[in-house]
2 protein chains.
Amino acid sequence: MPNTQTVQTLRGMLGEHVQTTDEVLAQHSRDISWHPASLPEAVCYPTSTEEVAEILKVCHRNRTPVVPFGAGTSLEGHIIPYRGGITIDLSRMNRIRSIHPIDRDCVVEAGIKKLQLNKALDPHGLFFAAGPGIDASLGGIAASGASGANAVRYGTAKENIRALQVVTATGEIVKTGSRVKKTSAGYDLTHLMVGSEGTLGIITEVTAILHPLPEFSGVAVVSFASVQQAIDAAIAMIRQGLPLAMLEFMDEVIMQVINRFSGSDYSETPTLFLELHTEEELAPVYQRRIHQIVRENGGKDLIWGTSPEERARLWEIRYNVAHAILAIRPGGDTMSTDVCVPISRLAECILEMKAILEKIDFQLPLFGHVGDGNFHISPNIMVGQSEEIELLKSINDELMRKIIPMEGTCTGEHGIGVGKKKYLEMELGRGAIGMMRSIKKALDPHNILNPGKVIDID
Amino acid sequence: MPNTQTVQTLRGMLGEHVQTTDEVLAQHSRDISWHPASLPEAVCYPTSTEEVAEILKVCHRNRTPVVPFGAGTSLEGHIIPYRGGITIDLSRMNRIRSIHPIDRDCVVEAGIKKLQLNKALDPHGLFFAAGPGIDASLGGIAASGASGANAVRYGTAKENIRALQVVTATGEIVKTGSRVKKTSAGYDLTHLMVGSEGTLGIITEVTAILHPLPEFSGVAVVSFASVQQAIDAAIAMIRQGLPLAMLEFMDEVIMQVINRFSGSDYSETPTLFLELHTEEELAPVYQRRIHQIVRENGGKDLIWGTSPEERARLWEIRYNVAHAILAIRPGGDTMSTDVCVPISRLAECILEMKAILEKIDFQLPLFGHVGDGNFHISPNIMVGQSEEIELLKSINDELMRKIIPMEGTCTGEHGIGVGKKKYLEMELGRGAIGMMRSIKKALDPHNILNPGKVIDID
């Protein structure tokens with residue numbers, strides 16, 4: 001058994017940094033979605049890039065699959081070791097190497113989580129913006145090409161990562177770029193690694209782009225009579241170039257779910273959540289414009305929160321979405337669609353989907369990052385009940401048929417993992433899949449890096 | 001001779017779209033830099049992506065080198081066919097396929113030039129921002145990962161290209177991404193192609209990101225007593241987040257060259273050129289802040305131009321830099337360094353270089369995109385005089401020794417081409433070069449796509 005040999009060799013090299021207890025294996029057997037669990041054969045906890053390189057050399061020699069693991073917050077099974085082998089848990093590589101306030105970047109180990117980093121950046125008046133609401137690791141945000149609510153203003157992982165340090169399948173350490181604002185030096189290895197989901201290399205260090213903390217921050221919640229009006233208001237805000245750090249849409253179903261979970265009494269109609277980041281001097285100008293757009297599109301009950309407490313209270317609603325969905329039924333899991341379309345097609349896309357959803361006797365909350373054209377239909381699924389999974393799969397198939405003529409994507413921010421492989425080819429075609437496969441084979445000839453994710457090789 | 005066979009086959013397929021006259025071959029034998037000329041064996045003028053695919057199939061079969069050619073404005077020999085073969089001139093593929101005002105993007109054929117595109121976008125109140133001052137093609141801007149003065153506000157080619165259509169070495173047509181603001185669908189083939197300089201595929205279609213034309217646009221020129229003061233003022237402007245569309249530095253040498261060329265009488269001291277893009281309502285706020293920063297850093301003779309005529313008159317100075325350098329000596333050519341460092345190290349880097357340059361008895365103008373940390377030392381070189389070329393090469397070697405500990409890059413915007421290959425390995429190391437080589441071999445197994453550029457395979 002080559003994998004058993006791998007575990008023995010690694011234990012000899014790394015001692016207590018290799019663990020095989022049932023509890024540790026179980027912790028690394030699943031993500032936070034409906035995808036079924038699968039155990040690794042051992043979990044390594046390296047403390048340096050050099051150790052990661054040593055692990056890879058052993059795994060490459062023995063053809064042992066390697067799955068990188070950050071905070072465990074994937075939604076498409078990226079971190080589940082369906083072919084066994086070794087999981088590399090990077091949580092002990094969570095040091096900050098350097099912070100550069102003038103250049104507005106920092107260099108961190110891949111295992112650091114976003115909240116820990118932002119706490120350290122706070123005294124410098126800076127923050128890292130990309131990534132989901134849940135507390136993910138920087139390496140995971142990079143590897144999955146994640147974004148989240150801030151992307152409308154600050155961009156996704158792609159726009160917020162300057163360079164990476166990566167360990168290849170053969171255990172070589174690669175610097176993908178320099179710590180500069182711009183470069184035309186060779187192939188863009190940084191962006192090739194961002195979103196490659198651990199299938200082309202293990203990210204061990206991230207040079208992250210930072211943004212200044214806003215002088216003024218204000219959150220607003222506003223209700224609309226229809227989806228069309230809410231989306232029209234959102235598009236008007238985008239077109240005016242308002243400095244919105246978030247622009248979130250919630251349908252009447254998710255507002256019901258939230259009210260039930262939080263004991264709140266928000267209007268159970270299409271709702272926008274938004275956050276304005278600007279300077280004190282300019283805040284009244286932008287607030288006035290937001291009010292005007294809301295009025296012109298029939299919005300009502302606009303609530304502003306500008307103190308830290310008010311903002312936190314309003315955002316709690318949005319942050320509780322995942323918990324509120326899980327609370328619909330104890331024991332259920334989240335299963336989420338993640339399409340993104342050009343914003344000119346968003347209202348049409350959501351309205352057509354809602355017409356279909358309304359005919360289905362199942363609670364199907366719809367919400368999303370409307371400023372980017374990205375939305376989720378995200379029900380509570382019982383994993384044991386295959387008809388529920390089949391239902392959401394058929395909804396996703398229906399969505400894909402709609403969004404392909406709209407030039408949309410099957411995943412705006414969750415990634416492909418194991419859950420969306422068939423949609424990737426539907427979206428981009430055989431040529432793109434062929435090119436991705438050639439790159440994968442060139443960089444990982446024995447298919448040991450997170451095998452079976454993104455594209456199938458064998 | 002397989003290449004002769006290729007030319008015959010292509011002529012049979014494409015007729016008059018294949019040309020071999022001395023004039024046409026000479027036009028495609030050089031770029032606008034000092035790099036020596038070399039003739040292609042034929043030039044193809046395809047009118048569709050399908051034709052490009054057919055050409056590639058023939059070249060792949062016969063192992064004939066293929067060089068893509070846009071507007072011919074490269075600075076590092078990218079488009080020079082040093083191994084003969086076929087040049088594909090994309091200038092007849094210059095149609096606009098679609099403009100999407102709400103989504104702020106457009107789909108164009110790769111041969112369209114930036115000025116033609118921006119003229120068509122003007123009625124929509126939009127423009128394409130990336131690329132150099134000289135009128136380059138969209139395909140060329142994408143392929144070379146170009147930027148230019150606008151990058152400080154609007155980003156480089158990387159941030160302004162949403163997706164591409166590419167023809168592979170084997171003649172397959174690949175869609176690299178969807179027309180959406182964000183996606184996590186598979187490997188980022190778009191960014192892999194941006195900056196690959198025609199060595200991984202021929203770009204035939206560009207989905208470009210557009211920006212709204214500013215309501216207010218104001219240009220300012222301001223002189224400083226020292227390089228340090230000029231750079232300090234620039235960094236202060238960046239740190240305040242002023243909406244500057246350009247932020248350009250010119251040293252006293254280039255100001256002398258400009259005055260001589262234009263008959264102007266600007267102060268021959270370190271100078272900043274900047275352009276403010278904002279709304280009418282906010283312009284006074286930002287102008288006031290610029291004046292304050294200039295005052296605090298000892299700047300003087302600040303001139304504002306806000307009408308189209310005044311702006312054009314002031315920018316003419318900056319746009320004339322290339323011509324002014326060529327006018328130093330008739331028959332000379334431009335040879336430019338292109339390093340970029342983190343902006344926190346920029347003043348130190350420029351000052352150390354100027355201390356070296358001052359000891360050399362040769363006019364060495366220094367200017368650059370200071371907001372990005374990118375600057376050029378750009379003398380007029382006589383190609384016949386090898387000691388002049390050796391001089392600038394030794395200056396670039398000296399620069400590289402300085403910028404590597406500063407975490408800089410050998411090229412901020414011109415690309416590697418043939419001129420900066422040795423610096424690429426100095427900058428990123430063997431690991432990165434090995435990864436680039438693996439990708440190149442996987443996507444172009446016979447090394448027919450712009451061979452000898454970016455990295456050496458054989």
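Domain 1 of chain A and domain 3 of chain A bury about 480 Å² between them, and 63% of that lies on carbon and sulfur atoms. Buried area here is the accessible area (1.4 Å probe) that two parts lose on being put together, summed over both. The model is predicted: local features need pLDDT of at least 70, side-chain atom pairs count only at pLDDT 80 or more, and totals for chains, interfaces and linings use all residues. Residues are numbered from 1 along each chain as written, chains are lettered from A in the order in which they are written, and side-chain values use heavy atoms, with hydrogens and water left out.

Where do these domains sit in the chain? In chain A, domain 1 covers 3-89, domain 2 covers 96-212 and domain 3 covers 216-406. The bounds come from an automatic or database domain assignment. Taken over C-alpha atoms, the centres of domain 1 and domain 3 of chain A are 36 Å apart. Four residues of domain 1 of chain A are in contact with seven residues of domain 3 of chain A. Contact means heavy atoms within 4.5 Å.

One salt bridge is counted between these two domains of chain A. The term means a side-chain nitrogen of Lys or Arg within 4 Å of a carboxyl oxygen of Asp or Glu. Arg30(A) pairs in this way with Asp333(A), with the closest N and O atoms 3.4 Å apart. Two residue pairs are in polar contact across the domain 1 and domain 3 interface of chain A, both at pLDDT 80 or more. A polar contact is a pair of N or O atoms within 3.5 Å; within protein, one must be able to donate a hydrogen and the other to accept it, and residues adjacent in sequence count only if both atoms are side-chain atoms.

Now turn to the two chains.

How much area is buried between chain A and chain B? The value is about 6700 Å², of which carbon and sulfur atoms give 57%. In chain A, Lys182(A), Tyr187(A) and Met435(A) lose the most area to chain B, together 15% of what that side buries. 84 residues of chain A are in contact with 84 residues of chain B.

Charged pairs also span the two chains. The count between chain A and chain B is 16 salt bridges. One of them joins Lys158(A) to Asp188(B), with the closest N and O atoms 3.8 Å apart. H16(A) gives the largest share of the side of chain A that touches chain B, 13 residues. Helices (H or I, at least four residues) are DSSP runs, numbered from the N terminus.

Definitions and conventions: Helix = DSSP H or I, 4+ residues; strand = E, 2+ residues; numbered from the N terminus.
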